[in-house]
Amino acid sequence: MANTSLADLIAALPEGDGWGPPPVTETTLNGVPYAPFSKGDKLGRMADWTADSKDGRDGRGGRQQYNRNFRDQQIYGAGTAALFTAPVAEDENSFSVVSRETTKTRYGRGAVFTRGRGQRGARQDTRGGRAQPQRPGRGGQQGYGYDSRGGRSGAPRGRRFGWKDYDKPTRNRDASINIKPDWQLLEEIDFNRLAKLNLDADEGEDMDSYGFVYYYDRSFDKQPVKTAEKRLIPIDRAAYNVTTSSDPVIQELADKEEATIFATDSILSMLMCSTRSVYPWDIVIVRQGNKIFLDKRDSAALDMVTVNENAADAPMDSSDGNKDSINNPSALAEEATYINHNFANQVVLENESQKVEMTHENPFYNASEETEPPASKAYKYRRFDLSTSEEDPMYLIVRTELDAVQKNAISGEDQFLTVKALNEFDSKAQGSGGALDWRTKLVSQRGAVVATEMKNNSVKLARWTVQSILSKADVMKLGFVSRANPKSNDKHVILGVIGWKPKDFANQMNLSLSNGWGIVRTIADMCLKREDGKFVLVKDPNKSILRLYEVPAGSFDDEGEEETIPETVAEEE
């Protein structure tokens, strides 16, 4: 470049007061410069800071993806953007912007994704379209996912929420008793009203005690070794489930005017926990004078131990499409009842020299007629005060049961026990309610196993807890019994036994005894307002409703029983 003097540069400047190029009328509007545009241009944004960054390429080296929200719009002034672009002073390819925003992962077709807790940092291997199993998350929750073929990957086969919910058949259960045309409907109470009832009762007092109990075998509390699992052994012992009005002791107490309401712990617990029930049941109520007897029919539904009654996807009947005959509700109920009977007999040490005798002998056992020895069972008749005022006293007597006794580890005093058993049929079958595999999780995730059982068997555990509190048992022992083979229901193994104080277990289940007493008092008052007669309290098979019927005399004679028993069997099936 030739040397130019300052004087030559000044002489080359245009004349006038301003500086810069002379104004052109084509790009001004009333003297104000503007960028020309057409009327067809759409106003998209005030400014676009990403339009021409990094030579039209994004940071991953690929072509920049246009924002789908504005891909059909032309940016205002884009046609004349070159008029205002400044020359690039330096190479900006090495410049990058640090962003604090979180990166969002886009999932395309065939992508593998997971959900559940505790998945961060878990390795995914998508070779062959399968994902590797995830590690279990907090609180015993298992992470689970789906592979690109739509199948499950690395998860226990629990309930897939929302999967084929539209295709599930409606559960229409049969009533536990045949409602006859001549029965008069007195009351219809929904569970929401029952849940609001409340009545505080006392701790109860012992009236009399019968029978005996053996000592509990503490070896069952130890965790069994896998190679030496304890088998459930069938033991034939004489056990009784006599209804209220057939109990000679209750008849004697009723003659002495000791109380107004009489019941057994099985019937009373069903009534007190009725708001948790799903399956149908019925209770026969007899009023004689100023007394109320809560009875049950022979082969009634509440004699059976239900399985997963409260599960979100409860076991299906054969009529609903369940092809697995050993996993329908009636078969599971028979299996659970069989397990509970034999488990209570197996966990005690039958030693005639070491047993706790009650005041009187077993009132139902007759040695001359029975070929089997009596089971370890103590019957306590206890009285509770359900009075709402001193002017109107009302007492209830209930026959409670105790199964065993053990020595307190600290004081050495005798502690009375109730012994029950939860059973696992198949954690992968329909109706399992998402239960964990007990063999692998009972020790490491005991809390999760118990919480799942509280959810799936809410009414069963609530009834057992109420029965333990009514009998004033010190400890409630729960056994965990599983099938030796999930495909066979005749052989079982005992996986462990856990003990709780009944009131602590009731608090964990959010079980209110005062609500139960309120239900009992309300139903008793309804019957006391009527004349002497017989009533039936029926749980609707498909709705959360209790119905109270007044039935004519002779409705449950031999002729009537022949009509009602098939309905009960159909309900259990």
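Author: Helix 4 (residues 265-272) and helix 10 (residues 513-528) pack at an angle of about 100°, and their axes are 8 Å apart. Helices here are DSSP runs of H or I with at least four residues, numbered from the N terminus; axes are lines fitted to C-alpha atoms over the stretch in contact, with angles from 0 to 180 degrees between N-to-C directions. Helix 4 and helix 10 are therefore roughly perpendicular, a label for angles of 65 to 115 degrees. From helix 4, Leu 268, Leu 271 and Met 272 meet Leu 513, Gly 516, Trp 517, Ile 519, Val 520 and Ile 523 of helix 10, where contact means heavy atoms within 4.5 Å. The residues of this contact divide into 8 nonpolar, 1 polar and no charged (nonpolar: Ala, Val, Leu, Ile, Met, Phe, Trp, Tyr, Cys and Pro; charged: Asp, Glu, Lys and Arg; polar: the others, Gly among them).

This is a predicted model, in which local features need pLDDT of at least 70 and side-chain atom pairs count only at pLDDT 80 or more, while totals for chains, interfaces and linings use all residues. Residues are numbered from 1 along each chain as its sequence is written, and side-chain values use heavy atoms, leaving out hydrogens and water.

A cavity is a set of points, on a 1 Å grid over the protein atoms alone, where a 1.4 Å probe fits but cannot get out; lining residues have an atom within 4 Å of a point. The second largest cavity has a volume of about 50 Å³, the space filled by probe spheres set on the points, which are joined across faces, edges and corners. Its lining includes Asp 265, Lys 377 and Glu 401, and divides into no nonpolar, 2 polar and 5 charged residues. The largest cavity, at about 90 Å³, is lined by 13 residues.

Note on methods:
On a 1 Å grid over the protein atoms alone, a cavity is a set of points where a 1.4 Å probe fits but cannot get out, and a pocket is an open set with protein on both sides within 12 Å along at least five of seven lines; lining residues have an atom within 4 Å of a point. Helices (H or I, at least four residues) and strands (E, at least two) are DSSP runs, numbered from the N terminus. Angles under 35 degrees count as roughly parallel, over 145 as roughly antiparallel, 65 to 115 as roughly perpendicular and the rest as oblique.
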